[in-house]
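Here is a report on a pair of protein chains. Look at the sequence and the model before reading on.

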There are 2 protein chains.
Amino acid sequence: MNFANFAMRRKMKKNQSKRPLTFFFLCLFVAIFFNGSFLFPDESKNRPGGYLFMIGGGHRPRSLMEKFVSLASRTGPPRVIILTMASSVPEETGPALVKEFKELGVEKVDYYHFSREEALKPETSSFLEGATGIFFSGGDQSRLTAAILDTPFHEKLLDLYYQGAVIGGTSAGAAVMSEIMITGEEKRKVEEGQEWTTIEIENIITSRGLGFIKEAIVDQHFLRRRRQNRLFSLILENPGLIGLGIDESTAVLARPDGKLEILGESQVMIIDARQALVIKDEKGKLGGLNIKLHLLLAGSTFDLKTGKVATTLKPGVK
Amino acid sequence: MNFANFAMRRKMKKNQSKRPLTFFFLCLFVAIFFNGSFLFPDESKNRPGGYLFMIGGGHRPRSLMEKFVSLASRTGPPRVIILTMASSVPEETGPALVKEFKELGVEKVDYYHFSREEALKPETSSFLEGATGIFFSGGDQSRLTAAILDTPFHEKLLDLYYQGAVIGGTSAGAAVMSEIMITGEEKRKVEEGQEWTTIEIENIITSRGLGFIKEAIVDQHFLRRRRQNRLFSLILENPGLIGLGIDESTAVLARPDGKLEILGESQVMIIDARQALVIKDEKGKLGGLNIKLHLLLAGSTFDLKTGKVATTLKPGVK
C-alpha cells in the first residue's frame, strides 16, 4: 500500500462518518416532499377505488341488482347512468333498464345513447357529473367501443371508477370491461350453431375493450352458450391473463381489494394458466399442462394477484 | 413393580429372542408358497397387459389406425374383431370398418353383430379366439352395453385385455370403456341444440359401461360438440375419477404402465378434481375450487395414478 492510497482510504472513512446525518436529512426531505410514495409506493393508490359489476347476461335476479344499487349508494343517494350504445334497440332497452332501477328505489336514473361524435365533445362528459353507478346494456360490445373507446367520455368513466363509482354491465356490457375484448366473431368459416368448436391460435377475434380490468378477459353467457373453447383459446394465447367465464344470471364483482367476488344464481369459470405450460402443434391447435381451473358459485372469491380461492359454502355435494 | 409383572416381562423377552428365527421360516414359507405376492403384492400383476385405444369419433387419421394395428401386431400377424352392436346400420358400418383395416394390411379381420341372447351363449366367445385387437364401432353406446354387459362374452373381452390385446373404439365405442358410462341423455327437459348448458348435480344420465378403465369417465366428440358442461358435472359428482374429454380425430391410449398417451390431430381435455374442493349450492349447481386441467396434444402423456403430465412439444405458442 502506498501513501496516496492510504490517504484516500482515510478520506473515505471521514466521509462515511457523515453519512448517517445525510441519510436522515434525505429521508426527511423525501417524507415531506414525496409523502414517501417515491421510495415506498403505496399499491392501493394505483388501484381503483370503485367496483366492477360484470353480469353474464340473461335474467337478472333482483338480489343481484340490489347489490349494484347498494354499491352505488355508498356515499349517499345513488345516481345511475345507463349507456345503451351496445343495443340495436336503445328506445326499448333504455326505458326498460330505467324502469328496473326505479323499481329498485333509484330516483336519479337516466339512459344515454349517443354517437362517437358526441362522445368526443368534452361537454358530453357532463352527463356523468355526480354519477355513482354506470350500467352498460347488452347488445353488441363492438358498437359500444366504437362509440366511446379513447374519447374524453371514456376517460371520464375511468376516472369515476378510480374515484369510487360502480361500473356495471350485462352480456355485451360485461364483455367490454376487459382490455382484450371478445367481439363474438371467429376467423374460421363456421355454419350456424357450429361456433367455437376448436381451441386454436389466431382464430378468436378480439379488439380493444374499455380496459376497466387489465388482468382478465371477460366472457359471458358462458355455460349456457358453452363458450369454453373460445375462452381457452384466448387464455392459452395470453396465459398471463385470467379467463373469466360468467354464466347467465351471475355476476363477478371486482372489488377495490383486488378480489373477485361471485354473486347470483349460476357459476363463473375461472381459467388460470399463469403457471401452466402452454403448447401448440404444427397446425396451431393449443394445449396447456397444469392449468388451474375454478368453478365458483355465489359466496366464493378469487384473488386476482395470488390466484387464491375461497368459498363460504361447505365442501361436498351430498 | 411387583414380582408377577417382572416374571411376565422376562417371559416376553424370552419369546422375543426366538422371533428372528420364526420370522425367517415364515418368510421362507411365504416366498416359496406365495411367490411373495401376499406380503409384497406386485401391482403390475393386477394391471391389464393390453392397451385401450379410445378415439373421440369423427374422421380417423390413417396414422392413428396404423398405431392400433401395430399394437395388435405385437405377437405376430394381427387378428382384429369388429363389434358393431352400437350401430343402427351394422350392414354399412361393419363392412366399412373391415375395409379400413384391410387397407391397413390386416388380413384377418371380421365384424360381428349379435344380440344379448347370443352373447350369453358360451360358444359365442369362440369368435374371440386368437383375437389381438377388438374394435367397437360408433353409434349408441347403450345398444352395445345392452348386448354384452355382464355376459360371458364381456368376460372374455376383459380377459383378452388383461392378457395383452388392444381394445379400441370410436365415439360410442370409446364411451363404453369406462365404468360410469355417459349415455348421451340428461334429465332436464331441453330443446334441440340446447343440450348440456348447465353444471349441476343429478342431471347427466349414466349407466354402467364395460369397465375397461376404472379410474376415468370417457367423453368423446368433446371440443367439436362442446361437451365440457356434462363432463364437469359428472367429475364434480365423482371427484375421485378423471374426466377424459376426447375430441374428434384424436385418441387416448391407455398403456399397461398406467399412463395415458395422446394420439391424433386434436386435443384431449383432462379434468382432475381429485385434490379439488367440491361445492354445491342449494339448487344443485356444482362448483369446484382448485381443479387441475390439462389440454393435451399428441405426444403428451398423463399418469393416471400420480396425475403428472409430460409433453414432447416445446413450450410456447409463437
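Chain A as a whole averages a pLDDT of 91, and 86% of its residues score at least 70.

This is a predicted model, in which local features need pLDDT of at least 70 and side-chain atom pairs count only at pLDDT 80 or more, while totals for chains, interfaces and linings use all residues. Residues are numbered from 1 along each chain as its sequence is written, chains are lettered from A and ligands numbered from 1 in the order in which they are written, and side-chain values use heavy atoms, with hydrogens and water left out.

The same surface serves both copies: 100% of the contact residues of chain A recur in chain B.

**Interface.** The table gives the totals between the two chains.

| Item | Value |
|---|---|
| Residues of chain A in contact with chain B | 48 residues |
| Area buried between chain A and chain B | about 4200 Å² |
| Residue pairs in polar contact, both at pLDDT 80 or more | 23 residue pairs |
| Salt bridges between chain A and chain B | zero salt bridges |

Buried area is the accessible area (1.4 Å probe) that two parts lose on being put together, summed over both. Of it, 56% lies on carbon and sulfur atoms. In chain A, Arg226(A), Leu295(A) and Val317(A) lose the most area to chain B, together 17% of what that side buries.

A polar contact is a pair of N or O atoms within 3.5 Å; within protein, one must be able to donate a hydrogen and the other to accept it, and residues adjacent in sequence count only if both atoms are side-chain atoms. A salt bridge puts a side-chain nitrogen of Lys or Arg within 4 Å of a carboxyl oxygen of Asp or Glu.

**Salt bridges.** Over all chains the structure holds 32 salt bridges. One of them joins Glu179(A) and Arg208(A), with the closest N and O atoms 4.0 Å apart.

Note on methods: Contact means heavy atoms within 4.5 Å. pLDDT is the predictor's confidence in each residue, from 0 to 100.
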